[in-house]
Amino acid sequence: MTMASFTRPFIRVAAAVMLSLSAAGCANTPDGQDGAGISDPIEPVNRIIFGFNDAADTILLRPAAEVYVAVAPDPVREAVHSFIRNLVSPLVIANNLLQGDLEGAQVATGRMLTNTILGVGGLFDVASVAGMKDEEEDFGQTLGVWGLGSGPYVVLPLFGPSSVRDATGLAVDTVADPLRVWAYANDSKNVLYVRTGVSAIDRRSQVLKQVDDLKRNSLDYYAAVRSLYAQQRRAQINDNKTDAAPEFPVFGN
């Protein structure tokens, strides 16, 4: 386990609790925006989908993540996480380039080559040990860097909190995903299903306590998630990612 991945959950716990306390009482203002400045004009519909996602998480994803943590030792889970992250490296590189972040693209390329060659296909995160930080980049962030506003807040079935801009970005990243292109070209869609399932369990296993803390400390869990999502995305777009907000249960990669 790398030092970065070892410490990240603890940082997230502390940050999530602090942010959840500030967001717990968050409610929509008369102009339809919450305290974080995100518009939610279809809140009743979003709350229904949010409830469905929460139920799916409670019934399926959270128990699966708990079993995963119980049976898989830390090195195995770390290898799975590193391998999945390495698979999306081409998208990270492409989005860095589209954002004009040449340094970010250079680091992401170095990470992919290092982990693929020295890390046995990405099973070992050698790049982090060498000081190459792993940063998530997606097309939603790229659109934000280009100056496109988030648009209304939406909750996607199974994928969780998003916005019109980020949902569009998710669709573009999905279509451009190299593994998806390969799987469809070789009639190997089962590979995508396996990755989606493993990725969802992996991500959920990393935020078990954080999500529990957020639920426990929120007067309105929906509003707290909405506010934290908006803050997290702004930080990512501004390349000021502090891991301040927990990720939320999703079934997609």
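Biologist: Why is Tyr222 called buried?

Modeller: Buried means under 20% relative accessible area, exposed over 50% and partly exposed in between, with a 1.4 Å probe and protein chains only. Tyr222 has 2% relative accessibility, so Tyr222 counts as buried. This is a predicted model, where local features need pLDDT of at least 70 and side-chain atom pairs count only at pLDDT 80 or more, while totals for chains, interfaces and linings use all residues. Residues are numbered from 1 along each chain as its sequence is written, and side-chain values use heavy atoms, with hydrogens and water left out.

Biologist: What makes the rings of Tyr153 and Tyr222 an edge-to-face pair?

Modeller: Rings of Phe, Tyr and Trp (its six-membered ring) pair if their centres lie within 6.5 Å; planes under 30 degrees apart count as stacked, over 60 as edge-to-face and the rest as tilted. Here the centres are 6.2 Å apart and the planes stand at 80°, so the pair is edge-to-face. Tyr153 lies in strand 1 (residues 153-156) and Tyr222 in helix 12, so the pair ties together parts 69 residues apart in sequence. Helices (H or I, at least four residues) and strands (E, at least two) are DSSP runs, numbered from the N terminus.

Biologist: How do you know whether Tyr153 is buried or exposed?

Modeller: Its relative accessibility is 0%, so Tyr153 counts as buried.

Biologist: Which other rings join in?

Modeller: Ring pairs link Phe50, Tyr153, Tyr221, Tyr222 and Tyr229 into a cluster. The structure holds five aromatic pairs. One of them is Phe50 with Tyr222, edge-to-face at 5.3 Å centre to centre and 90° between the planes. Phe50 sits in helix 2 and Tyr222 in helix 12, 172 residues apart. Phe50 is buried too, with a relative accessible area of 13%.

Biologist: Why are helix 2 and helix 12 called roughly perpendicular?

Modeller: Angles under 35 degrees count as roughly parallel, over 145 as roughly antiparallel, 65 to 115 as roughly perpendicular and the rest as oblique. The axes of helix 2 (residues 43-71) and helix 12 (residues 221-237) come within 11 Å and cross at roughly 100°. Helix 2 and helix 12 are therefore roughly perpendicular to each other. Axes are lines fitted to C-alpha atoms, for helices over the stretch in contact, and angles run from 0 to 180 degrees between N-to-C directions.
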